[in-house]
Amino acid sequence: AARGQRQIGQSLKDAPLKYWTRSCCESDETIFRVRRGPDYKRNGQKAPSGPTLFECVGMDIFKVPKKVTHICNYVKLPELPPERRGLAGGVPPYFVVNAQLPGYDPPNPLWGSPMTDGPGYSVVAYLAMKPETQALLRSPEPLSPALQLLKDFITNDEDRVRFKAMVNVLNIEDLNIGFALRRLMTEYNMKPVLTRPQHSFYTDNATYFEIDADVHLFSYVARKGLSMLRPTLSDVILDIGVTIEGWSDEELPETILSCVHTHHMDLEKGEVVDFTRAPSVKQTK
């Protein structure tokens with residue numbers, strides 16, 4: 001990358017567990033149970049995910065005065081080998097997830113003034129398509145349900161309502177939190193959450209596809225829970241997985257796109273950045 005361009009992963013260390021207090025690494029996709037057929041609507045059957053389609057090559061935490069959109073305008077993605085560059089079946093080699101988290105207490109909806117922006121954080125995961133995924137997308141053979149879902153999600157606007165995330169907090173009982181928050185976390189642990197309609201998408205149609213999930217616009221209950229948890233987030237150990245929701249038998253089984261394991265992720269130690277003053281970058285040559 002050119003001198004002065006921001007590189008990915010500078011704010012988090014990718015390391016074996018227990019060695020650094022702020023780190024992330026790839027998680028085990030089989031801990032996530034995803035939809036499977038036949039007739040999921042009637043049977044509701046789920047099974048451990050098959051192999052992921054992308055690998056997480058880095059994460060970042062940015063502290064920002066206002067939410068930042070289109071993070072790929074400001075962070076240079078690693079250059080890939082020639083054989084891994086370009087579109088594969090219409091899908092770029094990088095999939096970037098930018099979770100925009102509020103850093104303020106949400107106003108009470110009954111008497112407070114609505115607040116949809118302000119100081120907060122961007123937690124960003126950079127996912128690179130696996131070579132085997134690219135080979136299958138470029139093959140003339142019929143695609144698997146998961147690969148067809150991925151292709152449709154990227155290339156068809158109407159399919160972009162299907163993006164969802166699952167969070168598995170491993171140490172709920174060890175956290176210094178109140179009964180109500182502990183009960184809320186236990187109830188929603190590992191439950192899939194669709195990001196629609198609080199998301200937006202960006203792509204250069206060559207190098208990356210980015211989804212920005214705007215938690216500033218989530219329900220009051222969700223934002224209040226995050227606000228209550230924020231002081232103890234540095235103690236949380238969790239797995240995060242993302243996928244695209246399958247509806248019909250022809251679209252199942254689902255597959256986790258990518259998943260990461262993070263521990264002691266302290267938002268307050270994120271890199272302080274005012275992206276309104278940051279130089280923009282161009283990903284493609």
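Predicted model: local features only at pLDDT ≥ 70, side-chain atom pairs only at ≥ 80, totals over all residues.
Residues are numbered from 1 along each chain as its sequence is written, and side-chain values use heavy atoms, without hydrogens and water. Local features need pLDDT of at least 70 and side-chain atom pairs count only at pLDDT 80 or more, while totals for chains, interfaces and linings use all residues.

**Pocket and cavity**

Let's begin with the spaces, found on a 1 Å grid over the protein atoms alone. A cavity is a set of points where a 1.4 Å probe fits but cannot get out, and a pocket is an open set with protein on both sides within 12 Å along at least five of seven lines; lining residues have an atom within 4 Å of a point. Points are joined across faces, edges and corners, and volume is the space filled by probe spheres set on them. In the table, Ala, Val, Leu, Ile, Met, Phe, Trp, Tyr, Cys and Pro count as nonpolar, Asp, Glu, Lys and Arg as charged, and the others, Gly among them, as polar.

| Space | Volume | Lining by class |
|---|---|---|
| Largest pocket | about 1300 Å³ | 35 nonpolar, seven polar, two charged residues |
| Largest cavity | about 40 Å³ | five nonpolar, two polar, one charged residues |

Among the 44 residues lining the largest pocket, Leu101, Val167, Val193, Phe218 and Leu226 are the closest to its centre. Helix α5 gives the most to this lining, six residues (helices are DSSP runs of H or I, at least four residues, and strands are runs of E, at least two, numbered from the N terminus).

The lining of the largest cavity includes Leu53, Thr243, Ile244 and Leu257.

**Nonpolar cores**

Leu257 also belongs to the largest nonpolar core, of 43 residues, where Phe95, Leu150 and Leu257 have the most contacts. Such a core is a set of buried Ala, Val, Leu, Ile, Met, Phe, Trp, Tyr and Cys residues joined through side-chain atoms within 4.5 Å, buried being under 20% relative accessible area with a 1.4 Å probe, protein chains only. Leaving out residues up to four places away in sequence, Leu257 touches Phe95, Leu150 and Phe163, among others (contact means heavy atoms within 4.5 Å). Another core, of 19 residues, lies apart and includes Tyr74 and Tyr126.

**The sheet**

Six strands form an open, mixed sheet ordered β12-β13-β8-β9-β6-β16; strands pair if DSSP finds at least two bridges between them. β12 (199–203) and β16 (271–272) each have a single partner strand, so one side of each lacks a neighbour in the sheet. β12 runs antiparallel to β13 (208–214), joined by five bridges, and Tyr202 has Glu210 as its bridge partner in β13.

Definitions and conventions: Buried < 20%, exposed > 50% of the residue type's maximum accessible area, 1.4 Å probe, protein only.
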